Amino acid sequence: MNDTTARNSFTLLGLGDMGTALARTWIAAGHTPTVWNRTASKAQALVAEGAVAAPTAAAAVAANTLVVVCLLDDASVGSALEGVDLDGKDLVNLTTGTPAEARARAAWAEERGARYVDGGIMATPTMIGAPEAGGYVFYSGSRTAVEDHRALLEVPVGVRFVGEDPGHAALHDVALLSAMYGLFAGISHAYALTEGEDVAPKDLAPLLSEWLGAMGFFVGNAAERLTSRDFTTGVVSSLAMQVAATGTLLRTAQEQGVDAGLISPYLELMRRRLEADPAAHGGEDTSGAILMLKR
């Protein structure tokens with residue numbers, strides 16, 4: 001193996017939709033991944049494109065210093081790497097998991113002599129290898145390992161290092177995905193309200209996009225207020241006023257025959273914040289309700 005091949009070689013464990021998309025992008029860029037998947041047949045097409053298939057996870061790990069893992073869950077990572085020699089390896093785990101799982105897996109890897117990096121992929125398989133799509137991966141853990149392999153990691157999607165706490169990539173990943181699903185819930189409720197009415201979804205769509213874009217200020221506003229703990233200065237629409245208006249939202253859902261389950265938890269959260277101390281919280285911005293979520 002010449003020096004160029006050695007620099008371009010690494011190991012990839014896991015060839016699901018995301019793993020395959022990553023592998024194809026790296027191969028197209030001139031890299032040579034050694035690949036392994038529990039279902040070996042998934043490697044055949046990639047071998048034809050330039051990958052090297054390993055018969056076992058242990059053999060794949062032994063082939064290179066850098067080991068990228070993209071499996072189903074943390075349990076799959078533990079199963080695939082059970083008894084595998086990780087001494088001197090750089091383990092980059094792109095498997096979706098929780099912050100606690102990432103921290104435990106980092107300690108597990110370091111006990112076995114590996115540098116550990118956790119990753120949270122903010123992209124779908126179709127966004128891999130498409131810079132214009134804006135995909136990226138949150139990385140946390142060993143900063144030096146990320147920097148040592150940055151050139152390779154940046155090939156499929158962007159790299160965003162979010163700290164040496166191994167759990168922070170997963171934390172950022174889940175925070176953004178949670179916000180996404182909350183947004184999807186509100187959009188779904190809006191479409192359900194107009195279902196069966198003389199309101200075409202395609203006509204409501206631009207109005208939703210425009211309104212949600214205008215409400216995007218809440219992201220920065222909430223960050224400033226959570227930092228300062230000042231929820232009252234410059235409030236335009238108070239918590240008391242918004243709680244009073246929630247009845248209209250719930251009655252409309254009932255009239256339209258729509259289950260309010262997608263929005264009622266947030267409305268209830270605001271009500272709880274207000275009722276905890278009406279005098280103190282009534283004039284607040286709604287971002288104060290965020291504090292009610294912490295147990």
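Which classes, nonpolar, polar or charged, do the residues of the lining of the second largest cavity divide into?

**Entry 1. Ground rules**

I am working with a predicted model, in which local features need pLDDT of at least 70, side-chain atom pairs count only at pLDDT 80 or more, and totals for chains, interfaces and linings use all residues. Residues are numbered from 1 along each chain as its sequence is written, and side-chain values use heavy atoms, with hydrogens and water left out.

**Entry 2. Cavities**

On a 1 Å grid over the protein atoms alone, a cavity is a set of points where a 1.4 Å probe fits but cannot get out, and lining residues have an atom within 4 Å of a point. Grid points are joined across faces, edges and corners, and a volume is the space filled by probe spheres set on the points. I found 2 cavities of 30 Å³ or more.

The second largest cavity has a volume of about 30 Å³. Its lining consists of Leu-22, Trp-26, Leu-94, Val-137, Tyr-139, Leu-153, Pro-156 and Val-157. Two elements give two or more residues to this lining, helix 2 (17-28) and strand 7 (136-141). Helices (H or I, at least four residues) and strands (E, at least two) are DSSP runs, numbered from the N terminus. To answer my opening question, I noted 8 nonpolar residues in this lining, no polar and no charged. Here Ala, Val, Leu, Ile, Met, Phe, Trp, Tyr, Cys and Pro count as nonpolar, Asp, Glu, Lys and Arg as charged, and the others, Gly among them, as polar.

The largest cavity has a volume of about 60 Å³. Among the residues that line the largest cavity I noted Asp-74, Asn-93, Glu-101, Asp-118 and Ala-170. By class, this lining has 2 nonpolar, 5 polar and 3 charged residues.

**Entry 3. Pockets**

I turned next to the open spaces. A pocket is an open set of grid points with protein on both sides within 12 Å along at least five of seven lines. The largest pocket holds about 2200 Å³ of space. It is lined by 45 residues, and Gly-182, Leu-212, Met-215, Phe-218 and Tyr-266 are the closest to its centre. Helix 9, helix 10 (201-214), helix 11, helix 12 and helix 13 (264-276) are the elements that give two or more residues to this lining. Helix 9 gives the most, with 13 residues. I recorded 32 nonpolar, 11 polar and 2 charged residues in the lining of the largest pocket.

The second largest pocket holds about 700 Å³ of space. Of its 30 lining residues, Met-18, Cys-70, Leu-71, Thr-96 and Ile-121 lie nearest its centre. Helix 9 again gives the most to the lining of the second largest pocket, with 5 residues. The classes in this lining are 17 nonpolar, 9 polar and 4 charged.

In which order do the 8 strands form the open sheet? I read the order as 3-2-1-4-5-6-7-8, with mixed pairing. The edge strands, each pairing on one side only, are strand 3 (52-53) and strand 8 (158-161). Two strands pair if DSSP finds at least two bridges between them. Strand 4 (residues 66-69) and strand 5 (residues 90-93) pair in the parallel sense over 4 bridges. Within this pairing, Val-68 stands opposite Val-92 in strand 5.

**Entry 4. Rings**

I counted 3 aromatic pairs. Rings of Phe, Tyr and Trp (its six-membered ring) pair if their centres lie within 6.5 Å; planes under 30 degrees apart count as stacked, over 60 as edge-to-face and the rest as tilted. Tyr-136 and Phe-138 form an edge-to-face pair, 5.1 Å centre to centre with 80° between the planes. Tyr-136 is buried at 12% relative accessibility, and Phe-138 is buried at 5%. Buried means under 20% relative accessible area, exposed over 50%, partly exposed in between (1.4 Å probe, protein chains only).

Arg-160 lies over the face of Tyr-136, at 3.7 Å from the ring centre. A charge sits over a ring if NZ of Lys or CZ of Arg is within 6 Å of the ring centre and within 35 degrees of the ring normal.

**Entry 5. A backbone angle**

Lastly I looked up Arg-229, which has a positive phi, near 60°. Arg-229 is placed in the loop between helix 11 (217-228) and helix 12 (239-255). Most residues other than glycine have a negative phi.
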